[in-house]
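Please read this briefing alongside the sequence and the structure, which are shown here. The notes after them are grouped by topic.

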Amino acid sequence: MSSFKHTCRAVLWTCSALIGLASAVFNPSSAWAQATEQTLPKVIRLVVPFAAGGSTDVIGRMLAEKLGPALGASVVVENRPGAGATLGADAVAKGPTDGSMLLVSSTSSIAPVPLMRSKMPYDPIQDFAHIAVIGSFANGLLVRGDSPVATLRDLIERARAQPDRFSFASVGVGSSGHLTGELLQNKGGLRLVHVPYKGASQAVVDLIGGRVDIQFESLVSAGPNIRNGKLKLLAVASPERSRLYPDVPAIAELVPGVVGAPWFGVSASAKVTPAVLARLHSGILKVLRDPETRKKLEAMGMDPSGDGPREFLARIHEENRVWGPIISELGIRIQ
């Protein structure tokens, strides 16, 4: 019954959001006119629920730079790390309702985090207006540049021969990197030691310094260190090889079923009015359709999107469907 009520609330919100956006597109004299005339706050805070330096921060700052001019406002990135990304997300869910606070949402804060927590400070669907999907990317399986581990096959053979010998870093319990690592262990018959960090920057420092052996991190934030040789990319956790690294195998080529392709989006409090949401959606789409922005995102290994509320909600439900059984089977919990 709880699931039924939850689904009903999700459908009602989605219908409401879609009606607002559809009116903005097809009825210029009503909702779209309201959205165009709607005065947004002069300063909009774009909350990144992680520390500076990680992929979410990189994407957030790139978006903020272009979104400000698109909306005629000043968009400022505000890092609010903590509690597995739920601290920053909760601030937005319970924050201002005038559109002055937005969230760079992701798999870490929206889905499938609720499946790992007995208590959530917010409802990932009911408490948010999920405006647009920025895009998705693949996690990379990384080792330090001078690691004796040469290939993915080499790593798998060594890890199977030496259970609990290799440690893997992530940006926290329940993060996409953590789930990808757990999935590799489960599907590949490995026993690795998980070392959670509060942010990607310190994890990378420790990986390069040899204090951890492996890291599952997005190609967005890992790219510079891969190119300068400080990190070595053994594999990607996408269904197919990355167009940026065509010679690097997908993990699924050796261990079928291991895929980790997190996404980013922009969300606001569910109490923000449809007219403001339509204005925000229009500005975000303008940014994502900009050739220069798309080129930068693609160069970092991201697949730009721009999907609206309906597709956004469908993506959330799909993430929960895919990861739910795995999280339950592995008993992954966040306190």
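A residue is called buried when its relative accessible area is under 20%, exposed when it is over 50%, and partly exposed in between, with a 1.4 Å probe and protein chains only. This is a predicted model, in which local features need pLDDT of at least 70 and side-chain atom pairs count only at pLDDT 80 or more, while totals for chains, interfaces and linings use all residues. Residues are numbered from 1 along each chain as its sequence is written, and side-chain values use heavy atoms, with hydrogens and water left out.

**A buried histidine**
- His130 lies in strand E4 (residues 128–137), where helices (H or I, at least four residues) and strands (E, at least two) are DSSP runs numbered from the N terminus.
- His130 counts as buried because its relative accessibility is 2%.
- The side chain of His130 makes a polar contact with the side chain of Ser267 at 2.7 Å, and the side chain of His130 also reaches the backbone oxygen of Pro124 at 2.6 Å.
- A polar contact is a pair of N or O atoms within 3.5 Å; within protein, one must be able to donate a hydrogen and the other to accept it, and residues adjacent in sequence count only if both atoms are side-chain atoms.

**The open sheet**
- In the order E7-E6-E8-E5-E9, 5 strands form an open sheet with mixed pairing, two strands being paired if DSSP finds at least two bridges between them.
- Strand E7 (193–196) and E9 stand at the edges with a single partner strand each, so one side of each has no neighbour in the sheet.
- From one strand to the next, the twist averages 30 degrees.
- E5 and E8 run antiparallel and are joined by 4 bridges, and Leu142 stands opposite Gln215 in E8.

**Helix H7**
- Ala200, Ala203, Val204, Asp206 and Leu207 are buried in helix H7 (residues 200–208).
- These residues are on the same side of H7, because they cover an arc of only 165 degrees around the axis, the arc being that of the directions from the helix axis to the C-beta atoms.
- Among the elements that cover the buried residues of H7 are strand E6 (167–170) and helix H8 (219–227), with contact meaning heavy atoms within 4.5 Å.
- After H7 comes Gly210, with a positive phi near 85 degrees.

**Backbone points to check**
- Most residues other than glycine have a negative phi, and most peptide bonds are trans.
- Asp164, in the loop between helix H5 (152–161) and E6, has a positive phi near 65 degrees.
- Ala111 and Pro112 are joined by a cis peptide bond, with omega about 5 degrees.

How values were computed: Axes are lines fitted to C-alpha atoms, for helices over the stretch in contact, and angles run from 0 to 180 degrees between N-to-C directions.
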